[in-house]
Amino acid sequence: MTEPVVLLERRDDGVAVVTLNNGKVNALSGAVVAALHEIALELTANPPGAVVVTGGERIFAAGADISEFGGADEARGITARIHASLDAIAAIPRFVIAAVSGYALGGGCELSLACDYRIAGERAVFGQPEILLGTIPGGGGTQRLARQVGPSRAKEISITGRQVKADEALRIGLVDEVVPTDELHERALSLAAECARGAVLSQAFAKQAIDRGLSVSLSEGLEIEQELFIESFRTNDSQIGVKSFLEHGPGKAEFTGT
Ligand code: COA
């Protein structure tokens with residue numbers, strides 16, 4: 001039996017690990033994009049405590065499968081499907097960490113940007129090289145990269161198609177942490193496990209408030225925060241957290257994820 005092009009492992013510590021497994025360059029073929037979409041829906045319907053998205057050691061993902069490109073009609077389907085898939089990843093109601101070792105180019109970079117937090121190995125390389133094919137990012141890159149690093153830097157990266165190494169990626173805010181390559185998975189898994197032990201429903205409210213707030217005015221964003229703050233008080237974990245604080249001090253609550 002052939003292996004799936006994307007693997008999903010649900011660990012005992014509540015962390016789900018999604019691993020791209022599509023041959024030597026981990027191209028985001030139609031099959032990979034569909035599998036990621038299906039996994040994102042499954043992780044939304046039945047959420048773990050936290051998620052780690054990762055790829056190969058030398059290549060996280062080399063971007064869309066260029067051999068599937070054709071004309072504008074094919075492009076319409078390709079961009080619609082990758083947007084739907086990466087939007088579904090972004091909408092998983094848990095903290096989603098990209099653990100990037102090696103090249104994250106084109107759709108690989110866009111997949112990392114659809115995650116909530118990016119940890120890079122020190123040899124990681126990011127980029128939006130579509131312009132070198134005479135086209136532009138079609139998996140959300142123009143929008144998510146600009147929100148992540150600012151419009152002028154996003155334009156420079158997308159218009160030159162150049163590669164951004166891990167240390168620069170950290171400096172410009174494209175990634176959040178850089179760690180030695182051999183510590184990458186341990187760091188991502190331990191951060192994810194820490195989150196998985198937390199008040200995951202309220203973590204989802206915090207994520208939702210930040211994400212929804214980024215596409216509306218400040219006053220609308222502040223209203224969203226108020227709604228979700230109130231919602232968080234309907235969780236059992238808010239009762240557990242407040243009681244534990246009053247009785248035992250900060251940071252001792254044992255949350256139930258409910
Ligand atoms: N889609 C389809 N095939 C791809 C691919 C992609 N995105 N990226 C690489 N490949 C193929 C190459 O054509 C080559 O095929 P071959 O073995 O039949 O000749 C094979 O994968 C290995 O690629 P190669 O460039 O020789 O490997 P490398 O280790 O020197 O470099 C990369 C790896 C990822 C840095 C380089 O392949 C690259 O820059 N890829 C394109 C990235 C890109 O433009 N992405 C945006 C797509 S819109």
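Contact is taken here as heavy atoms within 4.5 Å. The model is predicted, so that local features need pLDDT of at least 70 and side-chain atom pairs count only at pLDDT 80 or more, whereas totals for chains, interfaces and linings use all residues. Residues are numbered from 1 along each chain as its sequence is written, and side-chain values use heavy atoms, with hydrogens and water left out.

By this contact criterion, and not counting residues up to four places away in sequence, F126 touches V100, A104, L105, C109, S112, A120, R162, Q163, V164, A169, L174 and V175. F126 and L174 touch the most other members of the largest nonpolar core, which has 44 residues. A nonpolar core is a set of buried Ala, Val, Leu, Ile, Met, Phe, Trp, Tyr and Cys residues joined through side-chain atoms within 4.5 Å; buried means under 20% relative accessible area, exposed over 50%, and partly exposed in between (1.4 Å probe, protein chains only). Helix α1 gives the largest share of this core, 7 residues. Another core, of 15 residues, lies apart from the largest one, and V15, V179, A192 and C195 are among its members.

Secondary-structure elements are DSSP runs numbered from the N terminus, with helices (H or I) of at least four residues and strands (E) of at least two. Two strands pair if DSSP finds at least two bridges between them. An open sheet of 6 strands has mixed pairing and the order β1-β2-β3-β5-β7-β10. The edges are held by β1 (6–10) and β10 (177–179), each with a single partner strand, so one side of each is left without a neighbour in the sheet. From one strand to the next, the twist averages 20°; axes are lines fitted to C-alpha atoms, for helices over the stretch in contact, and angles run from 0 to 180 degrees between N-to-C directions. Within the sheet, β5 (residues 96–100) and β7 (residues 117–121) pair in the parallel sense over 4 bridges, and A99 has I119 in β7 as its bridge partner.

Helix α1 (residues 30–45) lies across β1, β2 (15–20) and β3 (50–54), and runs at about 20° to β1. V32 is located in α1 and is buried, with a relative accessible area of 1%. Leaving aside neighbours within four places in sequence, V32 is in contact with V5, V6, L20, N22 and A27. The C-alpha atoms of V32 and L170 are separated by 28 Å, the two residues being 138 apart along the chain. In the loop between β2 and α1, N26 has a positive phi near 50° although it is a residue other than glycine. N26 also counts as buried, at 4% relative accessibility.

In helix α5 (residues 151–160), A154, I157 and S158 are buried. Seen down the axis of α5, the buried residues fall within an arc of 90°, so they line one face of the helix; the arc is that of the directions from the helix axis to the C-beta atoms. S152, K155 and I159 are exposed on the other side of α5. The cover over the buried residues of α5 includes α4 (141–149) and β9 (163–165). Just after α5, G161 takes a positive phi of about 70°.

The domain assignment, from an automatic or database source, gives domain 1 (6–196) and domain 2 (200–248) for the protein chain. Taken over C-alpha atoms, the centres of domain 1 and domain 2 are separated by 26 Å. Between them, 10 residues of domain 1 are in contact with 6 residues of domain 2.
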